[in-house]
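Biologist: Could you take me through one part of this model up close, the open sheet and what sits around it? I'd like the cut-offs spelled out as you go.

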Amino acid sequence: MAESTQERPKGIRLVTTTLYTLMAKHPEICIGLIVIVTSIISRYSSSILDNDVLSPPKNPRPFFPAGSPVLDYPWGDLMPVADLLIREELLVVMYYAPWCHDSIRAKAEFTKAAKVLENKVSFVAINCWWPQGPCKKNYKFHRFPEIYIYHTTIDGIRFSGPLLAEYIVRFVEEVMYPLTFLFSEDMILNFVSKQDNSLIGFFDFNSSPQPPGFIQFYYASIRLLEKNPLQPIRCGVITQQFLAEELGLSDPNEIIMIRTFNESLLYPPSRNFTSSNIWSWALHHKEQPIVQWLNLPGHKSLELSAAIDRGPALLVLAPVNHVYKTNYYLNMVREVGLLYHYCHEVPYLEFFLRQSVRDRADFLHGYSEQQDLCKNFYEVPEDLFSYPNRNCCVSVVGADKGLQNSKKICDFCRYMEKKLTPASLQPCNLGLSSMFAEDAVFAVGSNIQTPFCLDTFENYNTNEYRTLCCRECKIDLSYKSCASISSRRSNDKFVRQSESSLKRNICKKLTLQKTQNLLKPNQFIGDFDHLSIPVNFTGSACRTNRTLTLFFVDSSLSSALHKKLDIPGPVAFEKPSVIIIDKKNEANFILRESFSRKALARFIQNYTESALERHLRSESPRQSCDAASCSADVCVQEVTSKTFHSVVMQPGKDVVLLITAKWCGFCSSFSHTYLQLAKYFSSARDLVFARIDADRNDLRWEYTLDSYPTILFFPAHRKEDSVVFPSNFPKSLPNLIKFILAHAKRDLKTDTVVDICSKTCVNHNRRRVVHVMTHLRAKRRNIKRRISLLLNRRAHGKPVLKEALRSLWRTYRTVQRKIWNASLLQKLLFSHTRERLSQSVLKKHLVDIHKEGDSKVYNLKHDEL
């Protein structure tokens with residue numbers, strides 16, 4: 001076995017030598033071998049390169065489960081969607097990637113929205129990641145998912161709001177009904193009062209086939225929704241000449257932008273009347289909202305940073321019931337904002353405030369009624385389901401030509417909102433068009449309720465808030481006797497379908513709100529009894545240079561912001577939280593009392609008057625260095641903003657504070673050096689090592705730093721003389737020890753000499769003390785000789801400077817004191833052992849030496865340095 005092992009290398013060498021000799025004699029053999037190898041590589045290399053290195057993607061699977069209301073196209077097909085759009089006026093499409101976490105999370109929300117809008121709008125999902133699919137080849141998306149709404153005559157409308165069902169439902173409904181038709185002055189005032197920028201157009205619907213320019217205005221209203229789905233510029237339409245004249249519109253196809261605090265603007269007639277020109281003009285001239293809705297998308301963005309960079313910002317983080325048009329907390333904040341910015345005379349301001357309060361009251365009351373309405377909706381038969389009585393119906397009696405003994409009586413009904421509200425809280429202001437004859441009279445008052453006037457806004461007429469139900473009556477009959485012979489019968493299929501559809505839609509939205517875990521409105525804080533505002537608050541935004549910008553944030557989408565700002569509260573999104581962020585002054589202020597309109601106004605006023613206390617973020621205390629918890633040789637105490645004063649400001653302790661941040665990479669590596677430093681001084685009883693995470697714990701301004709890690713030293717009894725470790729020195733262990741010894745009190749230096757100096761250190765210091773004493777004694781002899789010479793000169797009557805003689809005596813006494821101290825130190829060092837008794841004796845004598853005066857203990861060296 002051993003012989004074969006030794007012979008194998010010899011055989012290989014022999015073969016190699018033979019081939020080399022043969023190729024040297026016959027070079028054509030070498031060339032032939034090269035040609036053969038090259039041909040083999042050229043023949044098979046293409047087949048090798050053509051093979052895929054990565055395995056092909058697996059065949060896609062359906063992303064949405066079977067039976068889902070969402071049509072799923074996992075292969076990325078586009079043609080079926082195009083065919084569907086031909087049959088459907090509106091289509092909601094979600095482009096997804098099956099591996100994307102955001103797509104998986106949005107799947108459930110997209111399904112909920114599809115269930116709410118089922119039988120109204122079709123929802124489609126397309127896998128736009130499948131490499132071989134048409135969607136991937138035609139569209140290049142930078143992120144998933146993307147939601148678009150397609151209209152038969154408009155390009156895709158991108159949804160940029162939060163990926164939650166209630167936001168999707170609200171956006172789709174607003175795209176379905178982007179325009180609000182206004183038929184009276186009160187409707188216009190109510191419409192204008194709810195938003196900061198309103199775009200109202202006047203169109204003549206008597207023209208055929210449609211008013212010129214109306215379609216362009218319709219397209220522009222949808223594009224304005226796409227630009228800002230949370231706070232868009234609302235668009236309204238008036239069709240009556242007298243209302244147009246009230247707004248300063250003289251001719252059809254004119255547009256006016258009504259702004260709350262600035263004067264209104266007319267769309268320039270010289271500009272082409274196109275949708276792109278209308279929406280770009282509106283965005284350019286819009287007024288900054290009184291309360292800006294801040295959308296935190298949940299991924300990395302600069303939206304919050306851009307908001308607080310402009311100046312001091314007030315953030316209201318409150319729960320949002322987005323499926324309803326009335327936002328309770330947003331209305332309340334806007335009421336405060338209206339008064340805060342009321343610097344000049346604003347028409348109808350009192351009306352705006354009253355209308356906002358009325359909307360909040362209607363919201364609370366209407367929600368309770370809807371809960372009762374939907375409580376047993378799916379269990380009770382439809383014919384036994386009672387619907388609340390309608391109000392705001394007026395009977396109009398008009399003469400019917402050709403009929404001498406009868407009149408046509410029409411019940412004209414118009415509703416200001418699409419929701420159920422009590423009749424006592426809903427004003428009735430009817431705007432009748434010219435369809436009625438001039439001799440029409442109002443036979444009955446405005447609060448007559450009739451069971452046959454049904455608002456079909458949710459099911460049929462998408463552009464109006466009114467219905468008209470007519471019937472024939474004899475001249476001498478009263479209105480009540482005519483009610484029984486109405487031409488609209490209770491078993492009318494269209495009437496029953498409209499009523500059932502409206503109830504079903506209301507209950508779907510109510511169910512959706514429960515799935516979103518939002519608060520019930522009866523749990524909201526109703527401050528209708530506390531509407532007073534602090535004195536001098538109105539218009540205070542214009543009387544100070546500390547003006548706040550008001551922002552509103554959905555608290556269910558801002559959990560990271562709650563955690564980052566350390567906003568107190570039992571559950572972050574269950575009640576409103578208010579915080580002022582002053583980035584320039586690096587200060588945050590939090591509203592501590594219960595949220596209300598009065599409390600919010602007082603909070604803003606206190607900030608303006610600099611009467612607020614800065615909020616300091618603080619973690620919960622986690623560790624303390626006491627006898628029970630500190631069993632190891634070293635203990636670094638964790639400090640928070642709440643425990644900073646009790647730990648760092650201890651009067652009798654020297655405190656070393658390390659300021660770090662968890663995202664700081666160098667802090668992690670430096671922590672080992674800091675632990676070694678703490679272990680080095682572990683025997684020092686009056687020295688405390690502490691650490692604070694400055695990213696989660698705010699410090700006072702005098703301790704705020706720009707870089708991490710940073711070391712601060714707080715000396716005992718002199719906390720105001722705290723010092724920072726120099727940034728131009730390396731943070732090494734020797735440098736840190738010298739830094740502490742240079743600023744610590746004498747007891748710490750004595751403890752360090754006694755407890756840290758090892759046997760090698762003691763021997764080194766013994767030799768040094770002997771050398772120092774020899775040098776001092778020689779110096780003393782030299783001074784003594786010079787003094788003797790001066791005294792002899794004076795004894796022989798020669799002049800001697802008194803000042804020189806005194807200086808020599810002072811120097812002699814100083815050297816004598818040093819020799820005495822050094823002799824004591826020499827005696828202690830030569831008698832020193834590592835026993836505990838010797839340590840205590842040495843420590844006692846060293847303390848006495850320090851008290852006597854100048855000591856050479858400062859020059860002692862440690863073998864660890």
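Modeller: Here is the sheet, then its helices, its loops and a pocket beside it.

A quick word on the ground rules: this is a predicted model, where local features need pLDDT of at least 70, side-chain atom pairs count only at pLDDT 80 or more, and totals for chains, interfaces and linings use all residues. Residues are numbered from 1 along each chain as its sequence is written, and side-chain values use heavy atoms, with hydrogens and water left out.

Okay, the sheet. Five strands make it up, in the order S11-S17-S12-S18-S19, and the pairing is mixed. Strands here are DSSP runs of E with at least two residues, helices are runs of H or I with at least four, and both are numbered from the N terminus. Two strands pair if DSSP finds at least two bridges between them. The edges belong to S11 (291-293) and S19 (587-590); each has a single partner strand, so one side of each is left without a neighbour in the sheet. On average, neighbouring strands are turned by 25 degrees against each other, direction ignored. For angles in general, axes are lines fitted to C-alpha atoms (for helices, over the stretch in contact), and values run from 0 to 180 degrees between N-to-C directions.

S18 (residues 577-582) and S19 run antiparallel, joined by four bridges, and Ile-581 stands opposite Asn-588 in S19. The loop between S18 and S19 holds Glu-586, which has a positive phi of about 55 degrees despite not being a glycine. Most residues other than glycine have a negative phi. Glu-586 is partly exposed, with a relative accessible area of 46%; on this scale buried is under 20%, exposed is over 50% and partly exposed is in between, using a 1.4 Å probe and protein chains only.

Now the helices. H12 (residues 328-340) lies across S11, S12 (313-318) and S17 (549-554), running at about 175 degrees to S17. H17 (residues 597-608) lies across S12, S17, S18 and S19, at about 20 degrees to S18. Inside H12 you'll find Glu-335, which is buried, with a relative accessible area of 1%. Leaving out residues up to four places away in sequence, Glu-335 touches Leu-353, Ser-356, Val-357, Arg-360 and Arg-597; contact means heavy atoms within 4.5 Å.

Last stop is the second largest pocket, with about 1000 Å³ of space. A pocket is an open set of points on a 1 Å grid over the protein atoms alone where a 1.4 Å probe fits, with protein on both sides within 12 Å along at least five of seven lines; lining residues have an atom within 4 Å of a point. Grid points are joined across faces, edges and corners, and the volume is the space filled by probe spheres set on them. The lining has 37 residues, and those nearest the centre are Lys-564, Leu-565, Asn-588, Arg-617 and Asp-695. S18 and S19 each supply at least two lining residues, as do H11 (303-309) and H16 (559-565). H16 gives the largest share, five residues. By type, the lining divides into 17 nonpolar, 10 polar and 10 charged, where Ala, Val, Leu, Ile, Met, Phe, Trp, Tyr, Cys and Pro count as nonpolar, Asp, Glu, Lys and Arg as charged, and the others, Gly among them, as polar.
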